[in-house]
Amino acid sequence: MIPKIHKQGSNTYGLLNYLYGKGTKEEHVDPHLVASYDGSAPDPGRDEAATLTALQQILDQPLHLLEDDQRPPKHVWHCSVRAAPGDRVLSDADWADIARRVVAATGIDPGDGAGCRWAAVRHADDHIHIIATLVREDGCRPDHHRSGKRAQDEARRIEADYDLHRVAPGDGTAPKRPTSAERHKADRQGRERTAREELRTAVRRAAAGAADEDEFFARLHATGLLVRRRVAPSGDLLGYNVALPGDHNKAHEPIFYAGSTLSADLSLPRIRERFAAAPATRHEQSTRQGTSSDRRAPSAPATARRSATHATWAALLNLDQDGDGAAAARITATGEILDAVALTSATDNRRHLQDAAWAFERACLSHTRAEHRHARALRQAARDLVHSGPTSSRGEEGANTALLIDTLFFLALAAAHWHAKHRHAQQAEAARQAAVHLRAAYAAAAETPITLLREQGRQIIKPVSDWYAAQLRVALPAQADMVLAEPGWPALVATMAQAQQSGRDPRTLLAEAANLRELDSASSVSDVLVWRLRHLADLPADPSTPRHDTNSRPNPATTPVPSQPVRTRPRR
């Protein structure tokens with residue numbers, strides 16, 4: 001149940017004319033009254049004798065109790081109440097009860113016998129509009145302070161009473177929603193999202209990993225947006241405004257939006273806070289670069305994705321360390337990583353990643369002030385992703401994308417857990433929704449490398465495969481049976497063999513991988529273990545990429561099984 005308090009107006013008849021009219025796209029169906037302040041207001045929708053003027057005069061009658069100079073200039077109160085997508089269709093009687101509860105909760109008609117006059121109009125299956133005059137029957141003004149918050153609280157109770165979808169309560173940090181006029185305009189122009197939403201996405205991508213203001217504004221200009229800077233008389237830059245080319249008002253002038261009106265965290269002062277974080281230390285940089293000198297140099301996009309995986313992995317392990325400010329910064333920077341990945345991803349997987357970034361945006365906004373110095377490596381990784389350019393869905397680039405998405409999936413779930421623990425309901429739901437999109441993105445990105453690994457695993461002789469199964473049972477006794485039954489088990493066998501060939505103990509790697517983060521939320525535990533082992537052992541993400549190791553050990557596929565158990569690997 002989603003109530004929305006609209007701007008107060010001064011034209012009762014004009015609003016009634018809209019509510020009972022056909023709508024801007026003739027979307028209004030059977031407009032009629034479902035409830036009113038006394039239950040006997042005329043209904044111009046279904047009573048041929050009733051008129052809009054008659055209903056307007058009845059609603060506005062309390063205004064005549066006041067002298068002209070005492071009447072409020074904006075006396076029309078307007079609230080729409082909409083069912084959530086997927087809710088059942090409510091009856092007129094249900095909507096009448098909901099309307100009475102909303103006007104009581106908001107102070108419009110608290111039930112004291114002298115409330116404001118109001119009427120509830122229904123012109124669609126999924127919502128109603130409540131119109132009221134902000135003068136009570138006793139000539140006083142109603143106490144409707146914070147009516148929006150009060151309506152939201154009542155909506156949560158209505159959802160419980162009517163067994164409707166529970167909408168997560170907000171905390172006032174969400175970006176402003178597009179207006180009906182903006183949505184209708186986008187529909188007319190054939191755009192999936194409104195200008196406000198497209199601009200917000202473009203600005204977020206421009207800010208993703210940007211090192212300073214010059215880079216931020218250069219990226220904005222590169223997208224083709226119209227950009228205006230607000231400069232003080234002293235010459236100091238105060239802020240900026242952006243507009244979509246071709247988005248004009250009635251005077252054919254571009255419609256500019258300030259960054260702060262797109263979202264509070266996109267104001268120039270808030271973006272500057274990200275720039276103020278010190279650059280990554282040498283240790284962080286070396287961690288991002290990894291230790292892959294023993295294989296051929298990968299492409300820039302593959303390197304950037306591998307580095308981003310290192311940074312994302314570190315954030316996953318340390319998300320709730322160093323205090324709430326650090327966690328908020330890491331979650332915000334995770335949003336930058338998602339924006340950068342969506343911007344540079346291959347076209348066949350871009351939509352899933354764009355949807356994940358779009359959903360996760362809400363998870364980045366809360367009242368917890370981010371301490372951006374804790375997210376230096378993540379922001380640098382986002383910058384590297386942007387500068388590495390578009391990537392391919394094949395080879396090492398595609399495989400490293402799958403590796404990164406797998407880590408981002410668990411980081412999104414960790415962010416959801418952190419928000420839920422802090423009772424940030426909308427942010428937790430947004431992070432969970434982002435994880436759903438990331439799961440779909442992973443399935444598309446991982447199909448080729450996982451398929452190849454499975455083929456490699458099936459080529460390993462059964463005695464050796466059985467030995468790896470024994471190592472799995474020792475390292476992960478609770479999950480072993482499930483992993484062995486999964487289609488991805490051969491891929492894990494191939495990865496364990498490659499890790500052993502590089503000098504790593506498979507059993508130790510498995511235990512380390514399982515202890516890093518929970519596995520229960522994974523749709524395929526074997527897939528998760530594959531990527532964690534490849535990350536921990538610094539194996540190429542693409543299984544077809546050769547490793548030039550002068551100390552290469554024999555292939556486990558040709559290695560006999562030892563007659564006695566060993567701690568690390570079969571006897572050669």
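Select Arg 46, which counts as partly exposed at 49% relative accessibility. On this scale, buried means under 20% relative accessible area, exposed means over 50%, and partly exposed lies in between, using a 1.4 Å probe and protein chains only.

Before moving on, note that this is a predicted model, in which local features need pLDDT of at least 70, side-chain atom pairs count only at pLDDT 80 or more, and totals for chains, interfaces and linings use all residues. Residues are numbered from 1 along each chain as its sequence is written, and side-chain values use heavy atoms, leaving out hydrogens and water.

Side chains of opposite charge can pair when their charged atoms come close. Asp 30 and Arg 46 form a salt bridge (a side-chain nitrogen of Lys or Arg within 4 Å of a carboxyl oxygen of Asp or Glu), and their closest N and O atoms are 2.5 Å apart. Asp 30 sits in the loop between helix H1 (12–20) and strand E2 (32–36), and Arg 46 in the loop between E2 and helix H2 (52–60), so the pair ties together parts that are 16 residues apart in sequence. Helices (H or I, at least four residues) and strands (E, at least two) are DSSP runs, numbered from the N terminus. By the salt-bridge rule, the count comes to 36.

Next, select Arg 204 and Glu 361, whose side chains meet in a salt bridge (2.6 Å, N to O). Arg 204 is in helix H6 (residues 195–207) and Glu 361 in the loop between helix H13 (347–360) and helix H14 (376–388), so this pair links distant parts of the chain, 157 residues apart. Are these two residues buried or exposed? Arg 204 counts as buried at 9% relative accessibility, and Glu 361 is buried with a relative accessible area of 9%.

Finally, select helix H20 (residues 506–516) and helix H21 (residues 525–536), which pack at an angle of about 110° with their axes 9 Å apart. Axes are lines fitted to C-alpha atoms, for helices over the stretch in contact, and angles run from 0 to 180 degrees between N-to-C directions. H20 and H21 are therefore roughly perpendicular (65 to 115 degrees) to each other. In H20, Leu 509, Leu 510, Glu 512, Ala 513 and Leu 516 meet Leu 529, Arg 532, Leu 533 and Leu 536 in H21, contact meaning heavy atoms within 4.5 Å.

Note on methods:
Parallel < 35°, antiparallel > 145°, perpendicular 65-115°, else oblique.
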